[in-house]
Structures are given as C-alpha cells and as structure tokens.
Amino acid sequence: MFDIVWFLIFIAVFGVVAYQRYSLITCVSVLALTMVIGTIAGGIGILGWILFILVALPIAYSPIRVSILSTKLLSFYKSVTPELSDTEKEAIDAGTVWWDGDLFTGKPDWQKLHAISRPHLTSEEQAFLDGPCEEVCTMVNEWEINHVDADLPDEIWAFLKEHKFFAMIIEKKYGGLAYSAFAQSRVLQKLAGVSAVLSSTVGVPNSLGPGELLQHYGTKEQQDYYLPRLAVGKDVPCFALTGPEAGSDAGSIPDVGIVCKGEFEGKEVLGMSLTFSKRYITLAPIATVIGLAFKLEDPEGLLGEKKHLGITCALIPRKTKGLEIGRRHFPLNVPFHNGPVKGTNMFVPLSYIIGGEKMAGKGWRMLMECLSVGRCITLPSSAAGGAKQLALSTGAYSRIRRQFRLPIGQMEGVEEMLARIGGNAYLMDAVTSFSTAGVDLGQKPSVISAICKYHLTERMRQVVNDSMDVHGGKGICLGPTNYLGRAYQGVPISITVEGANILTRNMMIFGQGAMRCHPYVLKELYAAQINDEHEQLTTFDEAVFGHIGFAVSNTVRSLWFSLSRNRLSSAPFKDETAGYYRSLQGYSSNLAILTDVSMGVLGGSLKRRERLSARLGDVLSHLYLASATLKRYDEQGRIKEDLPFLEWAMQDCLHNIDVAIDDFIRNFPSVPVGLLLRTIVQPYGKVNDKPSDKVEHKIADILQKPGPARDRLGNGQYLTRIEGSLFGDLEQTLENMVKVEPIFDRICASMGKKLPMTQLDDLAIQALAADIISEEEAELLTATEAGRLRTINVDDFDPQELLASNSKKVAKPARKRAVKAATPDTAKSVDKDTSAAAAKSTAKDTNSVT
C-alpha cells in the first residue's frame with residue numbers, strides 16, 4: 001500500500017496543491033504523478049492505487065460525479081436550505097461585492113487593494129470645503145440651536161439653500177453640485193465636528209431620499225420638475241420608510257396602497273388609496289415633498305394579473321389632501337427636524353410612483369441599492385468627523401487641564417483613553433475614505449455599508465464615552481462653552497437609525513456577507529432554483545465542487561497559518577506592517593473555513609443562531625476595517641510618525657478577530673466539531689493582545705502637542721481661530737500652553753521652587769518685575785492664563801434661565817471676531833477682553849460664548 005515516508009510525501013503534495021488552489025484536473029494530475037514516482041521508488045503498492053482511483057475517479061470524471069455525487073448533494077441541499085422571502089432575495093441581489101468579496105476568499109490580493117485609486121477632491125470640491133462649508137461652521141451657535149431655538153437659525157437655512165448644500169448628489173444639468181461620495185463625506189465630517197443638527201440636516205437629503213431615487217429611477221417628467229427645485233431648496237425632501245410596526249425589519253411594513261380609480265384635479269384617474277403611519281422621519285416636519293414606501297395591492301387587477309405588487313416608492317407633495325405632517329419628535333435633546341407622517345385613505349395618481357407605473361412593486365430593490373450607498377457615507381462620515389474633532393479637543397484639554405501639578409494627559413489612565421480616541425479616529429477616517437472611494441468607482445457595497453454603519457457608530461460611542469471621562473465636570477455641565485455634552489446625549493441616535501445596530505451586527509453583516517461575498521454560496525442557491533433539471537444539475541455540480549475544493553484549500557491554509565503563526569506567508573511590504581498583512585491573510589482563510597463548516601453543520605438554523613452569525617460578522621468586519629487602515633497608511637506615504645495610530649488600529653482589530661473566533665468556537669453547538677475547528681484555527685488559543693501601553697503612550701503624546709501627525713489626524717475639521725469657536729480657542733490655548741511651559745519652568749528654577757501652573761497672569765507680573773522674563777513672555781503668560789480658565793471653567797445659570805419658557809429670553813451673543821494668536825509676535829495686539837482678569841470675572845456670564 002504506502003510506506004510511512006511516501007504516505008507523508010503524498011500528504012505534503014496534497015497540502016501544497018490545495019494551498020495553491022490548483023484546478024481539479026491539475027490537482028489530480030500532480031497527485032497521480034506522485035503516485036507514479038512512489039510506485040517506481042517502491043513505496044506505493046497496488047492497494048494504494050486502488051484507494052486513489054476509488055477516490056479520484058468519481059471526483060475527476062464529470063459524468064460519474066454528476067450522476068452519483070452531485071445528484072445526492074443537490075437533493076440534500078434542497079432539504080436543508082431555508083426558503084428566502086422576496087425581500088430577502090432582493091436584499092441579497094441588491095448592491096455589489098467589492099473588497100469584502102476578496103476578504104471571503106481566504107487569499108486577499110493586497111496588490112489589488114493598493115491599486116485602488118486614492119480618492120481626491122476636485123478644485124471645486126476643495127473650494128466648497130474652504131468656502132461655504134467653513135463659513136457655515138462659523139455661523140453655528142450650538143447652545144442657541146439646541147437650547148434656545150430647537151432649530152437651525154433662519155440665516156443658516158437660507159445659507160444652506162443658497163450654496164446648494166442639499167444638492168451635493170444632484171447632477172449639474174439639474175442645477176446640482178454633483179460631488180463625489182468622498183467630497184460628501186468630507187463635508188459631513190466637517191459639519192459633524194461643530195453640530196450634529198447641521199450635519200443631519202445636510203446629510204439626509206444627500207443620502208437615501210427623493211433626490212437619489214429620482215436620479216436613478218424617476219421618469220423624465222419627475223426629474224425635470226423636482227430635481228431643479230431640490231437643488232436650490234425650493235423643495236425640502238424627506239423619505240418615510242420606518243413606522244411603529246416596522247423598524248429594522250422594513251420589509252414587513254404594514255403601510256398599504258390600493259390600486260383604484262378616484263378623482264384627482266377634477267378628473268377620474270387610476271391611482272392609489274394610501275393608508276400609512278410613519279415615524280422617526282428626518283426633515284418630515286419641514287419637508288415639502290415626501291418619499292413614501294408602502295406595499296402596493298391590486299385586488300381588482302387594474303394593472304394586470306398580479307394582486308400583490310410589493311413594496312413601492314412614491315413622491316407625495318406636502319399639500320396633498322389628507323396628509324398629516326408637521327409634528328416633531330424630540331430625539332435625546334438633539335433638535336434636528338424629525339417627526340411622524342400619516343395618511344388614511346389618501347388618494348393619489350399612479351404618476352406619483354417614482355419611475356411611474358412600470359416601477360410599481362420594485363421599491364425594495366430601489367431602496368436596497370440606494371441605501372447601500374447612503375449608509376457608506378452619512379452616518380459613518382458624521383461619526384468619523386466627530387471622532388476626529390474630539391481627538392483634537394480631548395488631547396488639547398488633557399494638556400491644558402492640570403491635576404497634581406502635571407497635565408492630566410500624562411496620567412496613564414487618561415493616556416489609555418486618549419489612545420482609544422486617537423486610534424479610533426485614525427481608523428474611522430481611513431474606513432470612510434476607502435469606502436467612499438469604492439462608491440465613486442461605481443460600487444454599491446451593501447455588506448460594506450452595514451459594516452461601516454455599525455462599527456463606526458459604535459466606535460464613536462466609545463470615543464464620546466472616553467472623552468466624557470477625560471473631561472469630567474467640563475463634559476457634564478451643559479452650557480455655551482460645552483462642546484461635548486450634546487454629542488454624548490445624541491450618540492445613541494446614530495446607533496438606532498438606518499437599521500438598529502443590534503440587528504445590523506447580528507443579522508445583516510454576516511447574513512448578507514455569507515451570501516453575497518462567498519464565491520460559491522450564491523451560485524449554489526441560484527443553481528438549485530433553476531427549472532430545467534439538466535441545467536440545474538450541471539450548474540449545481542460546478543458550484544458545489546468548486547465550493548468543496550475551496551473548503552479543502554482553506555482548511556489547509558488555515559492549519560498552515562495557525563501552526564506557523566503566519567510567519568512564512570508573503571506580505572507586500574517588508575517593514576513594520578508586514579506582520580499585519582500576514583495575519584489578515586491567515587484570518588481570511590479562518591473566516592472562510594468557519595463559514596463553510598458552520599453552514600454545513602448548522603444549515604438553515606445558522607440564520608437563527610444570531611450570536612454565532614454576529615461573531616463571524618465581527619471577523620469579516622475587522623478584516624475590512626484593518627484593510628482600510630493599512631491602505632490609508634500606504635496612501636499617506638507610510639509616514640513613520642503616524643505608525644502609532646496604525647499599530648493601535650491593527651492591534652485592536654486583530655485582537656477583536658481573535659476574541660470573535662474564540663467565542664464562536666467555544667459556543668459552537670457541536671462540541672466535536674468545535675474541537676476540530678480549534679485545532680485548525682486556534683491551536684495556540686488567542687495570540688493577539690490588545691494595543692500595548694507603549695503604543696498608547698505615543699498616541700497620547702501626539703494628541704497633546706501641535707505637530708504634523710496631529711494635523712493629519714484632524715485634517716479637514718473646523719478649527720478656525722475666531723471668537724466663538726470653542727475648538728479654535730482650544731487649539732490656540734494648547735499652542736500657547738506648549739510655548740509657556742519652558743518659560744514657566746525657567747521662572748520656577750529662578751525662584752527656586754516648584755509652583756502650581758495657575759494664576760499665570762500674577763506670576764507674569766512677578767517674573768517681569770524680577771527681570772526673569774521679557775514683556776512679550778509676560779503677555780504670553782497672561783493670554784495663556786485667560787485661555788486656560790476658559791478651557792476649564794463651566795457655565796452656570798440663574799434658575800429661571802433653565803426653564804424652557806424662558807430660554808428664548810436669553811440674549812444672543814455678539815457676532816464672532818478673530819482671536820488674536822498670543823505669541824511673542826502678536827501678543828501685544830491681544831484684545832483686553834482675553835486677559836485672565838476678564839476671564840475670571842466673566843466665567844459665570846451665561847450670555848457670552850467664548
């Protein structure tokens with residue numbers, strides 16, 4: 001038969017051909033050649049050949065394989081595959097597969113990743129960011145918007161319409177801006193850094209809504225009428241999808257339209273009687289045109305034989321008789337316009353259907369494709385922009401704020417939080433950049449959009465929580481000088497909307513990912529649905545044996561990567577990042593084999609085992625997040641100063657993958673299968689630790705002092721140093737503090753004692769009198785003390801001011817003016833109001849915004 005040496009040689013050759021994923025014919029040929037050589041050498045006998053032929057012939061010879069093996073496999077497959085609803089089929093079919101598909105192959109092509117074009121702004125887009133976008137940020141007064149007016153002021157609404165902020169996705173032939181997805185993302189990042197109300201107001205019309213649906217599916221008449229009006233703000237859109245009975249399960253909406261005849265504008269026409277109740281609809285209270293999703297029924301067969309046409313999308317003008325609209329929800333004290341929309345037996349013509357009568361019943365596919373684009377942009381970009389803004393502000397605060405005679409940012413507990421904030425901001429910005437690049441290349445990545453929405457909003461929650469912990473009392477006391485509290489209040493909103501995060505993680509990411517991204521699962525599913533028996537069997541045979549070879553290859557690759565700790569695989573770069581590429585390659589194979597085993601063992605029940613699905617989704621997600629981060633580091637020139645951010649993000653992702661795999665195996669319902677998986681995938685247990693203290697110290701240090709790495713992290717955010725800009729004031733005070741520290745140390749040395757870094761204005765007078773410092777240095781100390789007090793002080797109020805009935809009586813602050821930089825060159829021109837004495841006396845003035 002075989003002697004032990006030739007048995008091991010045969011296994012080794014089999015491992016090599018499986019690892020390299022040679023074709024079936026090539027694999028069998030190489031193994032047959034090995035048998036021949038072994039026979040000549042005397043190590044393989046007749047019995048070995050009999051076993052080889054019994055196994056190889058039915059697999060390699062297609063007539064035998066199809067008639068015997070594939071027939072039985074197809075029968076079994078049909079018995080265990082769950083029925084898919086129409087909405088599930090449309091969700092699976094919608095969108096495209098991009099880099100997420102590569103991550104499911106077990107063999108990602110890193111050259112392909114780095115060959116994807118880096119997104120860039122056109123000169124027009126950059127001018128918009130530097131001009132109108134910057135200007136509208138200067139107009140924002142968060143305290144007035146949130147506490148006084150519960151709305152953007154009229155001048156901001158007018159400015160947004162005048163400069164076409166609502167028309168970023170509308171084509172230029174209709175008067176729109178036609179900006180790239182990347183440009184939209186940069187705009188939303190900047191706006192989100194100063195006001196969630198502002199970014200939400202701008203984001204929604206440029207995401208899922210009438211504008212996008214009209215451009216892709218509208219009739220020419222609809223496009224010619226509505227798009228120019230939307231572009232200049234004559235019409236304000238909203239889209240009503242979610243209702244009391246259907247949130248994340250949008251496919252189960254009870255809202256209905258009945259095809260019937262009715263009177264419209266004095267004539268009898270064919271139309272629909274609509275009955276619906278929607279809620280949580282952003283911009284609904286002020287919308288003039290409402291996109292509406294409902295199930296269309298045709299009980300009398302007025303449109304054809306089909307009675308249940310399915311989900312349909314229509315445009316309803318606000319003036320339509322019977323439309324109930326205008327009331328507002330109040331989501332967690334963040335007063336962007338959001339409210340209910342209702343209608344009962346409301347008649348509208350069929351021409352209101354987006355795309356006209358021919359698009360009746362095709363709304364779900366429309367929504368899925370458009371939603372996959374919008375979910376890549378709006379909430380992920382807002383989260384990334386908020387994280388970048390908080391990374392800079394929390395870093396600055398940590399350097400300015402002192403306890404125990406040292407900056408709080410030097411305390412290791414605070415360093416840990418600063419590192420999470422900075423590392424997450426770096427990763428989140430990388431993901432939005434990479435994902436929007438895909439959209440601009442024509443992708444509609446439904447799986448990636450779910451990953452972006454879930455993970456970036458969850459990481460924003462972590463960033464906000466950590467920032468609150470660092471700021472302490474400064475963060476919890478709301479008022480004109482609090483730049484953090486509203487973000488803390490509002491972060492659950494992004495967690496909840498556009499598909500609740502619980503269901504996005506547990507059902508959508510892996511549920512869609514396994515179907516869409518796996519190279520064979522969808523082929524098998526479609527093959528089983530073919531009506532022609534011969535074509536069905538032939539197509540299924542090709543898919544299922546491709547799948548078997550894929551699974552065998554990933555088993556070998558996973559075992560090899562696990563045993564070698566990924567040290568022997570290739571990487572596109574031979575630097576500090578090489579190990580990360582190798583690890584991701586191994587985990588890609590792990591994901592593939594875990595997916596195949598779980599689907600094979602659990603079948604249709606995997607769909608109901610949401611926690612197992614969620615853990616596999618976590619593996620896929622962190623593979624994607626890590627890939628995007630590696631791409632960012634490469635695109636920005638592999639700058640060593642940025643390496644701590646990359647290392648933190650990669651170590652965090654790899655650790656999360658390790659934990660997800662461990663949890664999946666520990667909770668796998670079949671213990672023997674779980675033990676086998678452990679042997680293949682995690683023979684040494686979890687091998688990736690959380691980010692190290694050393695890396696986290698480096699990030700904390702970067703965030704607490706001005707420098708190129710810090711500037712790159714916060715690139716594009718609103719940091720203009722004018723009066724009223726809390727973030728601009730923080731940046732100026734941080735810069736002043738860094739300049740003051742050596743002056744302060746010199747004073748302490750000259751006086752022979754270690755002084756607390758407070759009352760720097762008084763200290764400046766003493767040191768100047770003692771001829772220790774110059775006049776310019778004294779002025780810098782005085783200005784720094786004023787900024788320090790503005791940074792650490794919080795607002796307080798007369799009790800009557802906090803009553804809602806009295807809030808509008810609070811006087812509005814003066815318009816903003818430039819804050820003079822307190823440096824040796826400009827300190828003499830610092831306004832008297834910025835002195836430390838003025839800061840002390842006005843710290844309790846609730847009517848001024850500093």
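Visitor: Why is Phe 52 called buried?
Guide: In this predicted model, Phe 52 has a relative accessible area of 13%, and because the label requires a value under 20%, Phe 52 counts as buried.

Visitor: How many aromatic pairs are there, and what makes Trp 49 and Phe 52 edge-to-face?
Guide: With ring centres required to lie within 6.5 Å, the count comes to 20 aromatic pairs. Trp 49 and Phe 52 form one with 6.0 Å from centre to centre and 85° between the planes; since edge-to-face asks for over 60 degrees, the pair takes that name. Both residues lie in helix α3 (residues 46–60), three residues apart, about one turn of the helix.

Visitor: Why is Trp 49 counted as partly exposed?
Guide: Trp 49 has a relative accessibility of 22%, and because buried means under 20% and exposed over 50%, Trp 49 falls in between and is partly exposed.

Visitor: What makes the pair of Trp 110 and Tyr 581 edge-to-face?
Guide: The ring centres of Trp 110 and Tyr 581 are 5.2 Å apart and their planes stand at 80°, which is over the 60 degrees required, so this pair is edge-to-face. Trp 110 belongs to helix α7 (residues 110–115) and Tyr 581 to helix α23 (residues 578–602), so the pair ties together parts 471 residues apart in sequence. Trp 110, at 5%, is buried, and Tyr 581, at 0%, is buried as well.

Visitor: How do you know that the charged end of Arg 638 sits over the ring of Phe 573?
Guide: The charged end of Arg 638 is 3.6 Å from the centre of the Phe 573 ring, inside the limit of 6 Å, which is joined to an angle limit of 35 degrees from the ring normal. The charged end of Arg 632 likewise sits over the ring of Tyr 426, 4.0 Å from its centre.

Visitor: Why is Lys 278 counted as buried, and which side chain does it meet in a polar contact?
Guide: Lys 278, in strand β3 (residues 267–282), has 1% relative accessibility and therefore counts as buried, the cut-off being under 20%. Its side chain makes a polar contact with the side chain of Asp 255 at 2.8 Å, within the limit of 3.5 Å, and the side chain of Lys 278 also reaches the backbone oxygen of Leu 241 at 3.0 Å.

Methods. Residues numbered from 1 in each chain as written. Predicted model: local features only at pLDDT ≥ 70, side-chain atom pairs only at ≥ 80, totals over all residues. Heavy atoms only, no water. Helix = DSSP H or I, 4+ residues; strand = E, 2+ residues; numbered from the N terminus. Buried < 20%, exposed > 50% of the residue type's maximum accessible area, 1.4 Å probe, protein only. Polar contact = N/O pair within 3.5 Å; in protein donor to acceptor, adjacent residues only side chain to side chain. Phe/Tyr/Trp six-rings, centres within 6.5 Å; stacked < 30°, edge-to-face > 60°.
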